[in-house]
Amino acid sequence: MSASSDTSPAATGHEAAVVLPANLHARPAGQLARAAGQFSSTIELDFNGKTINPTGVLGVMGLGATAGSTVTVRATGPDAHDAVAALADVLANAE
């Protein structure tokens, strides 16, 4: 009998809610899409019953999230914690 070894990275999940200081217009949507593209985890943004993949600028803008709204960032994968932290930072500092 041989022992089986799983060397794949463990999939973990992480999530954070962010209150937006500004509307998600083109500039912050682009920053968010660029940041999301740097991670291997599956990332989602939730707002008002909609869930999108934040790697697309049009999807982010299509959420319709405005200043004062709460957006939830969720990620699952090996770098989920870092992905959520990075995207939450972009959202929290949107101008």
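Mentor: Before we start, helices here are DSSP runs of H or I with at least four residues, and strands are E runs of at least two, numbered from the N terminus. Keep in mind that this is a predicted model.

Trainee: Okay, which pattern does the chain follow along the sequence?

Mentor: Start with the inventory: the chain has three helices and four strands. Read in sequence order, they give β-α-β-β-α-β-α.

Trainee: And in what order do the strands sit in the sheet?

Mentor: The sheet is open and its four strands pair antiparallel. Neighbouring strands are turned by 20° against each other on average, ignoring direction. The order across the sheet is 1-4-2-3.

Trainee: Which strands does helix 3 touch?

Mentor: Helix 3, residues 80-92, packs on the sheet. Its direction makes about 160° with that of strand 4 (70-77). The strands touched by helix 3 are strand 1, strand 2 and strand 4.

Trainee: Now the loop between strand 2 and strand 3: is Asn48 buried or exposed?

Mentor: Asn48 lies in the loop between strand 2 (42-47) and strand 3 (50-52), and its phi is near 50°, a positive value in a residue other than glycine. The cut-off for exposed is over 50% relative accessible area. Asn48 has 72% relative accessibility, so this residue counts as exposed.

How values were computed. Residues numbered from 1 in each chain as written. Predicted model: local features only at pLDDT ≥ 70, side-chain atom pairs only at ≥ 80, totals over all residues. Heavy atoms only, no water. Buried < 20%, exposed > 50% of the residue type's maximum accessible area, 1.4 Å probe, protein only. Pairing = 2+ DSSP bridges. Axes fitted to C-alpha atoms, helices over the stretch in contact; angles between N-to-C directions. Contact = heavy atoms within 4.5 Å.
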